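Subject: Handover of a structure

Hello,

The structure to be handed over is below. Please have it open while you read the notes that follow.

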Amino acid sequence: MSDLGTIALMIALAACLYGTVVPHLGVRTNNWNLIRSAQNASIISFFLIAIASGVLIHALVVSDFSIFYVWRNSSVDMPMFFKVTAFWGGLEGSLLFWILVQSFFAMVVAFRYQYSNREIIPYVIATLNGILCFLLVLLLGWSNPLDLQATIPAEGRGLNPLLQHIAMVVHPPALYLGFIGFSVPFAFAIAGMIRGKLDNEWVLTTRRWTLVSWYFLSMGLILGGQWAYEELGWGGFWAWDPVENAAFMPWLTGTAFLHSVMIQEKRNMLKIWNVVLIIITYGLTIIGTFLTRSGVVNSVHSFTQSEIGPAFLVFLAVVLVVGFALLFRRIQMLESEHKMEAVLCRENAFLVQNVIFVGMAFTVLLGTTFPLLAEAIRGTKLSIQAPFFNTIMAPMGYVLFFLMGIGTVLAWRKSSKESLRRNFQNPMITATVGTIILAVVIPFHLEAFTIFWIAIFVTVTILIEVGKAAHVKGKQLQASPLVGLIHVFQRNQRRYGGLVIHLGVVLMFLGFAGTFFSEERDLTLEREEMVPLNAYYLKFTGVEQFQVRNATHRAAIIEVYDQDKQLLEVMKPAKSFYPTQPQPLTEIALRREFLKDLYLIFSSESGADSELVTIKTYVNPLVGWAWMALPVFTLGIGICLTYRPRSLTSRQEVLRQQYIAAEG
Amino acid sequence: MWKSWKFWTVWIALGGLISLFAFGFTTDPKKVPSPLIGHEAPNFQLINLWNGESVELSTLRGKPVVLNFWASWCVECQQEAHILEAFHKRYGETVPPQVHVLGVAIQDKSEQAQAFARQFHKTYFLGLDNTNGDIALEYGIYGVPETFFIDPQGKIRFKQIGGVSAELMQEQVDEMLSQG
């Protein structure tokens, strides 16, 4: 069976090579049939790669340990769900998953835009196939998940128990979808530069791809944070680990790109900048993958050091060199047609925001690679920890957060001082009053209160903006503001979808602010004794052992009471023992409330009958709000996706009709 | 274009970044020099895995000591097992022994450690770190295997992270023996 998969991958590689080379010939000889054959090659390669993936999934399901990857990442005792998701649980399998999605995207793009972007689509197909060729060579040459092993063990090593968590099941594919998605706008930019067609069409065509990629990248980051919070048991969710940074960098530049393309669309400006941003963003997705898999930087959760690092570095070099060489070749065509008209305009707010986003990405890159730089230059080993990142990133983050509110009310081209005063007065007063009230209720913390002030400012700005628009529309239609609101959202999906996403960002920042008030305590509890903690009383009643899926849990049973000594919940922080793992793992117990989380870790027990236990406790205010950003993002992106630029829709329809008519 | 500073900045930055990553392949970020090197090896008492006899590190002064941290569940420890045993046969079983070899199993259970020792025919002194992992903590162990080479004066001369090779052991011990 495994041979079938490998052979399918080899043929897929041939098909992708065909798809890389033939579109150029098709354009040169003006032979559309050749280009069409390249389109068909992308269908073939997708199905072949799907067959190989099917073979691997089947092997995982039936625990076929003759395949090395299956032995290493799965075991008989694992629940079926995790057996299937072990497909992307390890290095080799995740690469195959990557290729599967990449080939699916390549196939969709090849057909979806065949009429509308006819001038550049051959080169888009060639670029996406080129990327696939590289990945397939990498897979077949260095990390084939279908490789067999000489002896067949009876039991596998099992998926790392830390990864047997629902957030970890969704987190990697979400990140991959984000990473891979950015290859589409990248391919369009490259194709446009090769062909010399550098109007705004590539930006408009790939708008949804960019949005969806951004969404999945955000989802990956949020779920990654949630997983770290619930599974790693240190009470936090972000540690500036190189692997986290690797996913965060393309998110930063991708977010910048998402905003700056709007300036190109509206004002025909920043064309060079947008090409630079997409090259950098795609480059950073490759750097991210490279850092995770090459072992060149120290990280707690990198894959084991593998041989594919140098090959990835070559690919990264090719992507960046080709991208920038083409950019310099076409740079004159990309010069802007307009200049900024005033200082106070939305374009400028976007521009400043873009510079900060890129500055943040650069900071993260510098911090992540600095240990390497130090070793290369001075031969010293050092590590860059959270304080470096927090010191630089936090102020930049707050400025961005503030700009989010400013940008909402600034007009394109020019805003008058009078309108600014009018628009900002109320939000600023509300934010200041709100913050003062908060300062009475909770202890003062400068950074947290800065966030609170901006959060209220941004929220009020957005609400007033939406409220005003709904009110005016309602009046126009002689209907209620609610009907007006629906109309407003329907008519300008992109703007209002974007504002919804901004509300999600507000939630996220509030989640961060909560960490400043986090309380950490070690408690030693005697059986049946009531111990006060924050607004609770904890009572330890005994130690229990029970089975959860394939793990044995040994848990301290903790009853949680409120101030009136009413029982709220029985919590069971535990240590879990997996059959294939020598070390027990921490299973935290979490009580989520609207304003705070109670987070318990079972540290140790003592006494012949476990009369005493030590529990590490955290009370984490507002953390849950950061996770709430995800559903809000989903809603916002959903609204944004319904928008299609009218100019593009009508132009594409005309082109489609023309080509269909010409082909008879 | 060739005269534009932007042009050259981009290429120099790209060249620098790629070279930096390429340099990354020549080093291992996990290999951090131990601050213990050149310092006295922390003393400890180790209880024999088989018979409960104990040995104190300080009593072994006068001869070099090879101190190996291992665990029965560690794959790399299996790979270096025969190298350590062969080394012990050559230097540790002479009368008097030229070098002492000690193996400390960390995060392990007695039965599993014994099974491992039987499987690889280990004859040198093996013991289990206590449940708090005090010895591992004293030596700053963050993975297995790690091996310390302690000179006859009780100072740590070298620390190997990851499995040892026969050549490495030979080289280190030759150096320590020639010094003292």
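In strand β10(A), Y618(A) is the bridge partner of E520(A). This is a predicted model, in which local features need pLDDT of at least 70 and side-chain atom pairs count only at pLDDT 80 or more, while totals for chains, interfaces and linings use all residues. Residues are numbered from 1 along each chain as its sequence is written, and chains are lettered from A and ligands numbered from 1 in the order in which they are written.

β1(A) and β10(A), which covers residues 612–621, pair in the antiparallel sense over eight bridges (strands pair if DSSP finds at least two bridges between them; strands, E, at least two residues, and helices, H or I, at least four, are DSSP runs numbered from the N terminus). Both belong to an open sheet of four strands in chain A, with antiparallel pairing and the order β1-β10-β9-β8. Its edge strands are β1 (519–526) and β8 (589–592) of chain A, each pairing on one side only. On average, and with direction ignored, neighbouring strands of this sheet are turned by 20 degrees against each other.

**Strands around β4**

Strand β3 (residues 536–548) and strand β4 (residues 551–561) of chain A run antiparallel and are joined by eleven bridges. V543(A) stands opposite A556(A) of β4(A). The two strands form a hairpin with two residues between them, and R549(A) in the turn has a positive phi of about 50 degrees.

β4(A) also pairs with strand β5 (residues 567–571) of chain A, antiparallel, over four bridges. Here E559(A) has V570(A) in β5(A) as its bridge partner. β4(A) and β5(A) form a hairpin too, with five residues between them; K565(A) in that turn has a positive phi of about 60 degrees. Another four bridges join β4(A) to strand β6 (residues 574–577) of chain A, again antiparallel. In β6(A), K575(A) is the bridge partner of R554(A).

**Helices**

Helix α1 (residues 2–28) of chain A has 27 residues, so at 1.5 Å a residue it should span 39 Å, and its end C-alpha atoms are 40 Å apart, which agrees (the expected span is 1.5 Å times one less than the number of residues). α1(A) has a kink of about 30 degrees at V21(A), shortly before the proline P23(A) (the bend is the angle between axes fitted to the seven residues ending there and the seven starting there). Just after α1(A), N30(A) takes a positive phi of about 55 degrees.

The axes of helix α2 (residues 32–61) and helix α6 (residues 121–142) of chain A come within 10 Å and cross at roughly 35 degrees (axes are lines fitted to C-alpha atoms, for helices over the stretch in contact, and angles run from 0 to 180 degrees between N-to-C directions). α2(A) contributes I35(A), A38(A), Q39(A), S42(A) and S45(A) to the contact, and α6(A) contributes P122(A), I125(A), N129(A) and L132(A) (in contact: C-beta atoms, placed from the backbone, within 7 Å).

**Chains A and B**

Between the chains, 23 residues of chain A are in contact with 18 residues of chain B. On the side of chain A that touches chain B, α12 (271–294), α13 (309–329) and α14 (346–378) of chain A each supply at least two residues. The largest share, nine residues, comes from α13(A).

Regards

How values were computed:
Contact = placed C-beta atoms within 7 Å.
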